[in-house]
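Here are some questions about how terms are applied to one structure. Each reply sets a value against its definition.

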Amino acid sequence: MSASNGGRRAIDRASQSAAGDSTYGNVHTIAASGYYGCGNAGDEAVLAGIIEAFRRTAGDAVRLVALSQDPMATRALHGVGAEPRMDMQAVKSTLLRSDLLISGGGSLLQDTTSLRSLLYYLWVARMALNLRRPVMFYAQGLGPLRRRMARWLVRSIANRVEYITVRDEPSARLLRSIGVSKPPIEVTADPAFALQPAPEEAIAACWRSDIEHPERKHRVGVSLRPWGDNASAHAEHCATMVRAIEERTGCEIVLIPMQVPGDLTFSNDVARTAGRPYSIANNLCTPAALLGLVGQMDVVVAMRLHALIFAARMGVPPFALAYDPKVESLMRSLELAESVAPWTGFSASDVAEQVGTMLSERASRSADLLRRARSLERLALRNAEIAYSIVAGRRVV
């Protein structure tokens with residue numbers, strides 16, 4: 001962990017008196033801004049991890065309300081309050097009822113996807129600040145920030161928030177490099193590390209019912225995403241890799257889409273190109289069930305960050321196909337920098353060979369991963385502890 005200005009700043013703020021109607025007895029309302037309700041299993045895992053962290057940290061003393069693209073789906077999936085994220089009046093009303101806005105986790109503050117996305121998340125934070133509601137950047141993965149305007153906007157808002165936690169050291173360095181110096185900056189972990197696997201019956205429901213998956217000795221989970229300008233060439237390259245893994249190891253291949261519909265369509269394209277009836281996980285399973293499904297794999301090969309996080313959380317050795325610096329950063333934090341290849345131009349046979357080695361060393365690798373995952377779980381809970389301290393008017397220590 002690290003904090004700006006040589007240490008953590010003490011926070012001793014009581015809830016704003018203007019927010020009196022947002023606290024029911026000893027229950028504090030916290031609004032959560034993120035990429036929720038958009039069909040991305042990774043971001044839903046982030047929200048599920050946030051909910052779990054507050055449950056374990058504050059019990060019933062916190063009521064979460066998520067700003068969601070699909071509030072009805074968010075309420076059904078997570079059992080929390082949800083309001084439409086793009087409705088300005090609904091957002092304002094939610095913030096007025098809240099004691100704190102947490103922005104995150106995930107890769108919200110970056111301008112690679114689009115400047116519009118960055119502007120949206122900063123707009124929500126600025127609205128909260130203008131309404132005199134405290135804001136916490138919660139387990140964010142910052143950057144890239146390629147535009148000068150993007151860096152200026154992030155700096156101007158970030159220097160007004162109460163506390164910042166980030167999921168990796170490069171994000172903390174980026175904040176400091178663009179001039180964020182007023183709030184404490186602490187390196188914690190992705191909220192999904194706080195998530196617990198679902199019961200076995202819920203995990204079983206993740207298997208797509210129209211696929212008869214044979215019982216083999218080992219399973220390799222593969223989580224891919226469409227990327228780059230030539231989707232068909234990417235699918236062909238991935239299909240070659242998956243076939244090579246199957247031939248080298250004799251394992252059952254399980255394709256695990258993390259975003260709908262993009263990853264699911266791409267996984268079907270890879271299976272069709274490979275000419276094999278691979279099992280494909282049901283995209284309707286909950287984050288906790290998907291975590292449990294990943295835990296049934298012996299090795300996971302993934303482009304998706306949260307598929308890699310799920311694997312580490314469950315002690316399953318991961319191999320990363322890196323398409324974004326956040327993937328490489330995660331693997332370094334897990335001390336697995338050697339288990340990474342670029343998402344394009346990789347050697348299918350080399351990946352298959354490494355997967356074979358990982359299978360043969362699975363027991364020792366799994367023990368190491370579980371040890372690191374326990375530490376990251378504690379850091380994921382730390383995010384909620386800080387947020388709860390802010391709304392309860394306590395000193396953050």
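Q: What makes strand 12 and strand 13 a pair?
A: Two strands pair if DSSP finds at least two bridges between them. Three bridges join strand 12 (residues 299-302) to strand 13, so they pair, and they run parallel. Val301 stands opposite Phe319 of strand 13. Helices (H or I, at least four residues) and strands (E, at least two) are DSSP runs, numbered from the N terminus. This is a predicted model, where local features need pLDDT of at least 70, side-chain atom pairs count only at pLDDT 80 or more, and totals for chains, interfaces and linings use all residues. Residues are numbered from 1 along each chain as its sequence is written, and side-chain values use heavy atoms, with hydrogens and water left out.

Q: How do you know that strand 13 pairs with strand 14?
A: Three bridges link strand 13 to strand 14 (residues 340-342), in the parallel sense. Leu321 has Ala341 of strand 14 as its bridge partner.

Q: Why is the unit of strand 12, helix 11 and strand 13 called right-handed?
A: A crossover is right-handed if, with the strands pointing away from the viewer, the path from the first strand over the helix to the second runs clockwise. Strand 12, helix 11 and strand 13 make a β-α-β unit of that hand. Strand 13, helix 12 (residues 325-333) and strand 14 make a right-handed β-α-β unit too.

Q: Why is Ser329 called buried?
A: Buried means under 20% relative accessible area, exposed over 50%, partly exposed in between (1.4 Å probe, protein chains only). Ser329 has 7%, so Ser329 is buried. Ser329 is found in helix 12.

Q: Which residues does Ser329 touch, not counting residues up to four places away in sequence?
A: Ser329 touches Asp168 and Pro170. Contact means heavy atoms within 4.5 Å.

Q: What makes strand 13 covered on both faces?
A: Pro318, Ala320 and Ala322 are buried on one side, Phe319 and Leu321 on the other. In a regular strand the side chains alternate between the two faces of the sheet.

Q: How do you know that helix 11 is mostly covered?
A: Nine of the nine residues in helix 11 (residues 305-313) are buried. Among them are His306 and Arg313.

Q: What puts the buried residues of helix 5 on the same side?
A: The buried residues of helix 5 (residues 148-158) are Ala150, Leu153, Val154, Ile157 and Ala158. They cover an arc of only 120 degrees around the axis, so they lie on the same side of helix 5. The arc is that of the directions from the helix axis to the C-beta atoms.
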